[in-house]
Amino acid sequence: MKFGKSICVLNVGGTRYAFTREVIRDFPLRRVSRLIACATEKEVLELCDDYDRDRNEFFFDRHAQAFVFIMLYVRSGKLRFVPGVCELSFYTEMLYWGLESAHLDSCCQKRLDDRMSDIGLDTLSEEDIEDEPQSPGESVQEAELTCRARWLEKMRKAFEEPNSSLVAQLLASVSVIFVIVSMIMLCASTLPDWDTAKRTTVEEHRIVEAVCIGWFTAECIVRFLVAKDKWDFLRRPLNIIDVIAITPYYVTMAMARAGMPGAGLGVAGIILRVLRMMRVFWLMKLARHFLGLQTLGLTLRRCYREMVMLMVFVCVAMAIYSALAQLLEHGLDLETQNSDYASIPAAAWWVIISMTTVGYGDVYPVTIGGRVLGGMCVVSGIVLLALPITFIYHSFVQCYHELKLRSARYARNLSAEMLR
């Protein structure tokens with residue numbers, strides 16, 4: 001359908017928004033962008049409630065305030081609930097305009113999951129609210145307009161969301177296998193007999209290492225290319241760890257080709273071996289595939305204040321008990337000085353292992369005053385460590401419940417995809 005005017009007006013609940021045809025064509029809201037693909041006025045009315053040809057105005061009988069927040073998402077990329085509006089009502093508006101729950105900020109996703117769980121709608125999914133059926137011609141035109149965007153989104157979900165599709169699960173499984181193989185080789189390389197075994201199977205070792213590094217490199221590059229925000233991708237800690245873990249291999253290969261073996265580089269060789277050991281952080285990649293690790297990471301991120309408070313408690317108590325222990329064990333009786341408590345920093349080691357009830361036994365008090373202080377240190381350590389645990393525990397339960405609901409939603413979408 002060819003519109004007579006270059007300006008298109010969207011009338012949502014009485015509020016008008018004017019856009020050019022080019023903006024409408026690339027609009028992030030699926031229902032709006034499909035208007036350009038309509039061939040007849042009948043197809044237009046399948047997407048909106050009324051259409052004024054003279055003013056080129058599309059009428060949508062929807063919640064005007066909710067659309068204001070949806071437009072804020074279009075401009076800023078952040079989608080939050082409207083204050084005072086039911087979460088499920090706003091979610092219905094999102095589905096109408098072509099958005100999903102994944103577009104919500106994490107705090108609002110939690111509110112939506114809790115609301116759905118409270119009223120027994122755990123099985124609610126985006127497929128529960130369907131648009132009007134499309135004609136074959138409209139579907140073809142829409143596919144032509146958004147083919148590249150959809151392909152990029154599918155690629156992004158395949159690498160970033162392991163439960164989003166069968167292909168994503170397959171890629172996740174391959175990635176886990178390569179991580180495990182890489183970790184096994186890293187651990188084996190520290191064995192005393194590894195150098196001897198490496199000389200006999202040097203070619204096989206190089207092939208396996210090259211394949212693992214090649215997979216991680218390709219995965220990192222593809223994820224960067226399909227990322228929505230390249231700068232945000234580079235700032236993520238896991239992505240930084242990926243780059244740090246991959247780089248030493250290529251630096252080693254470059255030095256080998258230049259005739260500079262890494263073993264004899266002095267300080268440079270030590271730095272290179274330290275960077276190579278950073279591969280152990282590839283285990284963090286497993287957090288994308290296992291609910292338990294995701295729950296742990298989300299809990300630590302949300303409870304950083306409680307963790308800081310716990311560290312402050314421990315540091316204050318450690319400073320007090322270290323000074324007292326050094327005084328009682330080393331500073332009062334000059335004849336029976338305990339050399340293990342010669343300084344406050346040395347006594348701090350005994351305090352921390354006592355407060356955490358580890359007690360290695362390598363350092364211990366010998367005076368009566370020191371032993372009484374040790375008992376007080378152990379008891380106070382138990383109390384101080386237990387104080388923030390309740391907050392962390394409740395946050396862990398909430399995070400687990402939230403991620404479990406999200407995982408169940410992905411599983412339902414995957415089941416629907418398999419049945420198609």
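Because the model is predicted, local features are given at pLDDT of at least 70 and side-chain atom pairs at pLDDT 80 or more, while totals for chains, interfaces and linings use all residues. Residues are numbered from 1 along each chain as its sequence is written, and side-chain values use heavy atoms, with hydrogens and water left out.

**The cavity**

Across the whole structure, a search finds one cavity of 30 Å³ or more, where a cavity is a set of points, on a 1 Å grid over the protein atoms alone, at which a 1.4 Å probe fits but cannot get out. The largest cavity holds about 90 Å³ of space, a volume being the space filled by probe spheres set on the points, which are joined across faces, edges and corners. Its lining, made of residues with an atom within 4 Å of a point, includes Phe-159, Trp-215, Glu-219, Lys-285, Arg-288 and His-289. Helices H7 (136-160), H8 (166-188) and H10 (202-225) each supply at least two lining residues, and the largest share, four residues, comes from H8; helices here are DSSP runs of H or I with at least four residues, and strands are runs of E with at least two, numbered from the N terminus.

**Paired strands**

| Strands | Sense | Bridges | Bridge partners |
|---|---|---|---|
| E3 (residues 50-52) and E4 | antiparallel | three | Asp-50 and Phe-59 |

Strands E3 and E4 form a hairpin with four residues between them, and Asn-56 in the turn has a positive phi of about 50°.

**Two single residues**

Asn-338 lies in the loop between helix H15 (304-331) and helix H16 (344-355), and it counts as buried because its relative accessibility is 9%, buried meaning under 20%, exposed over 50% and partly exposed in between, with a 1.4 Å probe and protein chains only. Leaving aside residues up to four places away in sequence, Asn-338 touches Glu-329, His-330, Tyr-364, Pro-365 and Val-366, a contact being heavy atoms within 4.5 Å.

His-394, by comparison, is found in helix H18 (residues 389-419) and counts as partly exposed because its relative accessibility is 44%. The C-alpha atoms of His-394 and Thr-299 are separated by 9.4 Å, although the two residues are 95 residues apart along the chain.

Notes: On a 1 Å grid over the protein atoms alone, a cavity is a set of points where a 1.4 Å probe fits but cannot get out, and a pocket is an open set with protein on both sides within 12 Å along at least five of seven lines; lining residues have an atom within 4 Å of a point. Two strands pair if DSSP finds at least two bridges between them.
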